[in-house]
Amino acid sequence: MTITCAIIDDEPLASSLLESYVIKTSYLELVGIYNSALTAMKRLREDPPQLLFLDIQMPELSGIEFARILPEDTRVVFTTAFPQYAIEGFKVNAIDYLLKPISYEDFLRSTQKALSWFGIKPKEYSLFGDRVIFIKSDYKLHRVLLDDILYIEGVKDYLCFHLKNGETLASLMSMRKLEDILPHPEFLRCNRSFMVRMPEVRTIDRLRIVFDDVYVPITENYRERVMTYLDSHTLA
């Protein structure tokens, strides 16, 4: 089980930092990044996330004002550079209040509070806390950092892990099982045979993800989840 979350912050650097934290936190699923509360309002009302990282001081509509109109089931972690807003933040039942610049340690502490609020045991998500997996290949266990994976290709009964250094590790495993294990949306299926680590995507050409001379098609059954990720990372 994962917690869906969104980020609202009018500072691009702050948004990017929080995004990087979410991506490497296996129990969080990022569903949107917005540069103002007004921009986020329509989308979040139709499909509200469970957790919102919300800047307080923003033009037009402040984070405090926006929090008051959120659905009751959406929890808020306020993010701000101004400590004087802390009391106001807790008046609207915020889970936590993070003071910028935000460290990953403080971020994790807040998300642990969210796990507790949603009744999820933190120990369920100890897997990949250190961003490391061991892949069985050629009768050996190979230590691999999640950050070193480009994409995963299904070939008959095997999965081929293509790494940044050009190495490929083949392991007897099903794509469906791997999809249930690896963190979302960092790793997304693009078609029946390919799963891509989305932060490594550099070019998309006519619904094909390009890795040098390899073209990974985004097929219809998997298009919505990929486009949701791309929309949340695309400058209008």
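Biologist: What percentage of the 236 residues in the chain is buried?

Modeller: This is a predicted model. A residue counts as buried under 20% relative accessible area. In the chain of 236 residues, the buried share is 48%.

Biologist: How many helices and strands does the chain have, and what is its radius of gyration?

Modeller: The secondary structure comes to seven helices and 15 strands. The globule rule gives 18 Å for 236 residues, and the chain is close to that, so it is as compact as a globular protein of that length. Its C-alpha trace spans about 60 × 40 × 25 Å along the principal axes. The radius of gyration is 19 Å.

Biologist: How many disulfides does a search of the whole structure find?

Modeller: A disulfide is a covalent bond between the sulfur atoms of two cysteines. The sulfur of Cys 160 has its closest cysteine sulfur in Cys 190, 16 Å away, which is too far for a bond. Cys 190 is likewise in no disulfide, as its nearest cysteine sulfur is that of Cys 160. The number of disulfides found in the whole structure is zero.

Biologist: Are Cys 160 and Cys 190 buried or exposed?

Modeller: The cut-off for buried is under 20% relative accessible area. Cys 160 has a relative accessible area of 14%, and Cys 190 has 0%. Because both values fall under the cut-off, Cys 160 is buried and Cys 190 is buried.

Biologist: Which residue in strand 9 is the bridge partner of Glu 153?

Modeller: Strand 8 (residues 149–155) and strand 9 (residues 158–163) run antiparallel and are joined by six bridges. Strand 8 also pairs with strand 12 (residues 194–197), in the antiparallel sense over three bridges. There, Glu 153 stands opposite Phe 194. In strand 9, the bridge partner of Glu 153 is Cys 160.

Biologist: Which residue takes a positive phi in the hairpin of strand 9 and strand 10?

Modeller: Strand 9 and strand 10 run antiparallel, with five bridges between them; Phe 161 has Leu 169 as its bridge partner in strand 10. The hairpin of strand 8 and strand 9 has two residues between the strands, and Lys 156 there takes a positive phi near 55 degrees. In the hairpin of strand 9 and strand 10, four residues lie between the strands, and the one with a positive phi, near 90 degrees, is Gly 166.

Biologist: Which side chains of strand 10 point to one face and are buried?

Modeller: The side chains alternate along strand 10 (residues 168–172).

Biologist: What is the volume of the largest cavity?

Modeller: Rolling a probe the size of a water molecule over the atoms shows where empty space is left. The whole structure has one cavity of 30 Å³ or more, lined by Met 41, Leu 44, Arg 45, Phe 66, Ile 69, Leu 70 and Pro 71. Helix 2 gives the most to this lining, with three residues, and by class the lining has six nonpolar, no polar and one charged. The space in the largest cavity is about 40 Å³.

Biologist: Which residues lie nearest the centre of the second largest pocket?

Modeller: The second largest pocket has a volume of about 320 Å³. Strand 2 (28–34), helix 2 (37–46) and helix 7 (220–232) each supply at least two residues of its lining. The lining divides into seven nonpolar, two polar and five charged residues. Of the 14 lining residues, those nearest the centre are Glu 29, Val 31, Glu 224, Arg 225 and Thr 228.

Methods: Residues numbered from 1 in each chain as written. Predicted model: local features only at pLDDT ≥ 70, side-chain atom pairs only at ≥ 80, totals over all residues. Heavy atoms only, no water. 1 Å grid on protein atoms, 1.4 Å probe; cavity = no way out; pocket = protein on both sides within 12 Å on 5 of 7 lines; lining within 4 Å. Points joined across faces, edges and corners; volume = space filled by probe spheres on them. Nonpolar A, V, L, I, M, F, W, Y, C, P; charged D, E, K, R; others polar. Disulfide = S-S within 2.5 Å. Buried < 20%, exposed > 50% of the residue type's maximum accessible area, 1.4 Å probe, protein only. Rg over C-alpha atoms; globule rule 2.2 N^0.38 Å. Pairing = 2+ DSSP bridges.
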